[in-house]
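I opened this model to see how its chains meet.

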Protein chains: 4
Amino acid sequence: MKAAIIGTTGYTGQLLLRLLDNHSDVTEIIPVSSSKPGESLFDSCRGVDSSLIRKLGATNGKFVSVDEAERMSPDVVFAALPHLKSAEVCGGFFDKSVVIDLSADFRIKDEAKFFQSYNQAPPRPDLLQKAVYGLCEIYKEEIKSADLIANPGCYPTCTSLPLIPILKKFHLAGPVVVNALSGISGAGKKASMDLIFSERTENCNAYLPGKLHRHTNEIIQNLEGSLADVDLFFTPHLVPLKRGMFVSTFIQLTQEISSADIQSILTDAYADQPFVRLVGEKVPETYDVRCSNRIDIGWKVFGNSLYLFSAIDNLVKGASGQAVQNMNIRFGLEETAGLSLHGNV
Amino acid sequence: MKAAIIGTTGYTGQLLLRLLDNHSDVTEIIPVSSSKPGESLFDSCRGVDSSLIRKLGATNGKFVSVDEAERMSPDVVFAALPHLKSAEVCGGFFDKSVVIDLSADFRIKDEAKFFQSYNQAPPRPDLLQKAVYGLCEIYKEEIKSADLIANPGCYPTCTSLPLIPILKKFHLAGPVVVNALSGISGAGKKASMDLIFSERTENCNAYLPGKLHRHTNEIIQNLEGSLADVDLFFTPHLVPLKRGMFVSTFIQLTQEISSADIQSILTDAYADQPFVRLVGEKVPETYDVRCSNRIDIGWKVFGNSLYLFSAIDNLVKGASGQAVQNMNIRFGLEETAGLSLHGNV
Amino acid sequence: MKAAIIGTTGYTGQLLLRLLDNHSDVTEIIPVSSSKPGESLFDSCRGVDSSLIRKLGATNGKFVSVDEAERMSPDVVFAALPHLKSAEVCGGFFDKSVVIDLSADFRIKDEAKFFQSYNQAPPRPDLLQKAVYGLCEIYKEEIKSADLIANPGCYPTCTSLPLIPILKKFHLAGPVVVNALSGISGAGKKASMDLIFSERTENCNAYLPGKLHRHTNEIIQNLEGSLADVDLFFTPHLVPLKRGMFVSTFIQLTQEISSADIQSILTDAYADQPFVRLVGEKVPETYDVRCSNRIDIGWKVFGNSLYLFSAIDNLVKGASGQAVQNMNIRFGLEETAGLSLHGNV
Amino acid sequence: MKAAIIGTTGYTGQLLLRLLDNHSDVTEIIPVSSSKPGESLFDSCRGVDSSLIRKLGATNGKFVSVDEAERMSPDVVFAALPHLKSAEVCGGFFDKSVVIDLSADFRIKDEAKFFQSYNQAPPRPDLLQKAVYGLCEIYKEEIKSADLIANPGCYPTCTSLPLIPILKKFHLAGPVVVNALSGISGAGKKASMDLIFSERTENCNAYLPGKLHRHTNEIIQNLEGSLADVDLFFTPHLVPLKRGMFVSTFIQLTQEISSADIQSILTDAYADQPFVRLVGEKVPETYDVRCSNRIDIGWKVFGNSLYLFSAIDNLVKGASGQAVQNMNIRFGLEETAGLSLHGNV
């Protein structure tokens, strides 16, 4: 497997680099940059150097241009680029390499909703239907033959996986109320005053509540196929940890349910999925999944009311880890190759 | 003003000590202990010593017994003791001194609900009706003549203040869904494995969700007088900060409302309250109220759906600061005396 | 007392604003800005607004220009401006108001050493000798009549106070080796990639070791009057806390000493100083002084080798608090007015 | 490879479990407990369960007794037990399995110094000379044939690796002054009041300074073979991060040196060592090595004065990772197997 990475300065690009370097099926990594070909990868890459990343082969640790990368015919291209820029930069790889895009450019199929979320038309509407949404546990079959994979957002991954099987079985009696907590790395590696340590430590708050966050439409799209339309209220919060995402979802159903019902439905959905762990009536914690590609899911029932709780590492299952999982599925590798089942102690 | 403090080893007791030492109307502080009279206060008191706490007068920094403290006739007694123990230890002060109790012993008026929350009958049912619930902005008139004040819990304070005026004006169309984030100091100063730094940093999770937390009944009691019965779902979360509480409350009303409606109702309710700040459609942050006795309240409207956001310092407005505010109100002092309007930079 | 503050957007300016608003001898605060006169102070001031800062009087919360501020004849001017800019902006206040300068512009008396530290000549060499170095416990007499006070740096404050009395009594047998740990707020409120939460949490490191940090010359100047020339090696470290500074100083003397010797010397030097607390052979902790204007000092002796340990809040005793202490001393107010002896719980 | 782990409740035991589960040469893990044989491993093991740890084979996730574990003939035994208890519990494995002991029981060869450090005689003085000190980069040859390996302490690992090659080439002109910063996990997983989040966040301090910490004798032993006796002053500090250790070492030599001299000496010593990275005059950061088994080393020269800076993850290179590295060396596996060269993003 020859893998190209476009965009290595952010947290997801850096993590991809390290995950792929440790992945036993990847033999060569091609670092790509449209803006600084010829420069050393390690200048923008903290804590590693050419003695540590072992698979840079021909490139010798220097960025290659997009054109050059195309000529090197990578099997897979990971694009860790900003929204609305990714589709364009990757243009030359479509139909030649499998492209796994970590931006939002191919996630939302409906052009109007894309516009609503990103305040701009989708950059490549012609490819929207071709792109497979890479929520691995739900679209595994489609991913196996996909040539363009839209890697999901972190909030949609953590919110949708517990909800999807439930909403296929039960009717909703009210809105879906989601409260999500995210570590600060979710905001990316940006020199922003709002993100400096002294502003974020000992601080927490909600932001873009209700209908305002871009991920709302992506989550709603994931819930298509539910027994009823979903009225989603999604409120993210920033909390002072670096990596970790915790989602509390509250719904009311048209009938009473039991904890055993939920256990049964989620077990049917996910028993064979290596990265889903059901913790029952215990509440998951982000600690347990930190640095792992897992999602831990718990729940609590009160009559016809149901809480679903889910925890992921936003940079792993919420970004780079799921991207590698998509590669594994697409190329018929072992699904867990190069990914950790275990959280870090 | 002569003030006694019973229980100085925990965070609320320590903070009371420092707030009262800085309070210009307090001339003498009597440290009381039933278990270690004669011992030095400073052995259980980190970072301060007899040269720093200046008002220990006759006691010379040594704990006095409860009996002895009674003979010293304090004007006010602050009880920072565990639930179900406070009422008993304070027994001798009732009718002699004003007692401000930071435990839960007098908060819930309904004996059955008290039992449900604390798994035990209220220790002094005879005093439940006499005790005034010390949510200052709501019960100020009653507090002015109270001799026994039940200082509210931190979650109920932060959740109830924004909700009370709203629910007096509008009918609910569904449950009240509260998601609360608390700093770790809310769990007290206890040598518990679950609370050690290495378990809490880079970790967050919900606990006792829905109907399970003890404060649920206290919040519901605060919402009596609403236009309809309240079906409350309250889910607290632990997040890795020391001090700070953030509450996101979601409700749906039977009619559409506007942001201006909410502004108007909350302004009517709180314009003259020095410790309430309305931030409108901005979302408050715990940073801004850290170390202050303030509550900052914001909101966001979507048709007939409403989010209320509120932030306090759980140790100040959520505990010791509100206790001092209660003293100020009860004794006709300036309400802000000894308390900070400003959060810490 | 009418006090002007120039520069309110940074952490020290913000803290000055809140300290002075709580200070009972200050009746009016004049917010000054050379770049945005007429704009509201609160736009650059998080978590407070016009209802909270009560002393803005005539200015109504709007910045006034430097010229206008001069015409308002403040008794004292606090300059919380960048190094090398402060002396210039404050030019019009000299000889009219007492100026307390929190920048480095007047700290180092020797022009060559100033140049060495700041890579530029001192901006007002004519005033260097007139300016009194505001290390309160050492230069109290000079401060009482000073019209220009150079408020010390945080590292020099924390390092010099324990060392000065010792080095007046004993000869050194080797270099002074200082290891200092600083909270991130010491780097200021700047949108720098190096300072974002995700880069600083779970991270620590030394920087500018040995002879490289600008504060080295300031510390050496403070140690003039020692029994011998001081060969100083000073190594600061960034650690993931917001506020707090801890200094470990190692020296070897030409003779054996005892812990009682150190106790005696430091007690002689500081017994009457309200903000110095000696903790003996215990090691101080930054927790204990957080939000207080105190320095806690401890020590440990091994034969002729001596460790001195000192802890301050870098924003209080290391900056804005000491500035207020200087004002108190200069104007004959109670030295502790408006400042906390107690750390925060 | 069949590996037994004794002691899995602490951070080092938990990390061993996960490292070995990911190690491609380990086929079976035997969890051993003297106190709770028959109980499930996962009750004391957060965030993992039987579906995740895949190599528990015959034991089915239940602890086996020490006797039983002996009968299962593991190739290697990792003892993650308290000091002074480890040697005893491991007694039955000596001469049958390779024992890698993470406690201090076999680290210090000199019985008097052991007593001085641990206030008790070494539990198995007969084995002290047989035990090989597992500082991999220094004793690799000895480790290859060792049957009992004393895995080094975290402070000695981080302090000794940069110093050893330097002190073989140069004479010291004064003491070795070491300031070390450690994350809180170094204190273990213990329900201690001193370790709770609310006491450690926003706090830092030195402890057991100078000659008082148990690791002082271990470091001195590592420096035997230096050109002169070492007078070591070692001062550890607790800083509020979970994992990470940073050491600043200051020495003065009898001659002037250059940065190139240091580069040359350290390159000669470590060029072929996969887990040593030299960063030259840059200062390493703990961020860069977090979750990796690396040590990053930097330096700074001033005439005859030298700073050495080193950073490790205290749980990996400082404990469990080095233990696995020892296993790899001892059994002729690839030295990096199962261990990460990369720190975590």
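I counted six cavities of 30 Å³ or more. A cavity here is a set of points, on a 1 Å grid over the protein atoms alone, where a 1.4 Å probe fits but cannot get out. Grid points are joined across faces, edges and corners, and a volume is the space filled by probe spheres set on the points. I noted that this is a predicted model, where local features need pLDDT of at least 70 and side-chain atom pairs count only at pLDDT 80 or more, while totals for chains, interfaces and linings use all residues. Residues are numbered from 1 along each chain as its sequence is written, chains are lettered from A and ligands numbered from 1 in the order in which they are written, and side-chain values use heavy atoms, with hydrogens and water left out.

I looked up the largest cavity, and its volume is about 190 Å³. Its lining has 18 residues, and A:Thr201, B:Thr201, C:Thr201, C:Pro240 and D:Thr201 lie nearest the centre. Lining residues have an atom within 4 Å of a point. I sorted the lining into 11 nonpolar, four polar and three charged residues. Ala, Val, Leu, Ile, Met, Phe, Trp, Tyr, Cys and Pro count as nonpolar, Asp, Glu, Lys and Arg as charged, and the others, Gly among them, as polar.

**Chain A with chain B**

I found 41 residues of chain A in contact (heavy atoms within 4.5 Å) with 41 residues of chain B. The buried area (accessible area, 1.4 Å probe, that two parts lose on being put together, summed over both) is about 3,400 Å². Carbon and sulfur atoms give 65% of it. In chain A, A:Glu202, A:Cys204 and A:Tyr287 lose the most area to chain B, together 19% of what that side buries.

I then checked for salt bridges (a side-chain nitrogen of Lys or Arg within 4 Å of a carboxyl oxygen of Asp or Glu) and found four across this interface. One joins A:Arg290 and B:Glu202, with the closest N and O atoms 2.7 Å apart.

**Chain A with chain C**

How many residues of chain A are in contact with chain C? I got 21, and they meet 21 residues of chain C. The area buried there is about 1,800 Å², with 59% from carbon and sulfur atoms. The rule gives two salt bridges between chain A and chain C. A:Arg46 pairs with C:Glu199 in a salt bridge, the closest N and O atoms being 2.7 Å apart.

Technical notes: On a 1 Å grid over the protein atoms alone, a cavity is a set of points where a 1.4 Å probe fits but cannot get out, and a pocket is an open set with protein on both sides within 12 Å along at least five of seven lines; lining residues have an atom within 4 Å of a point.
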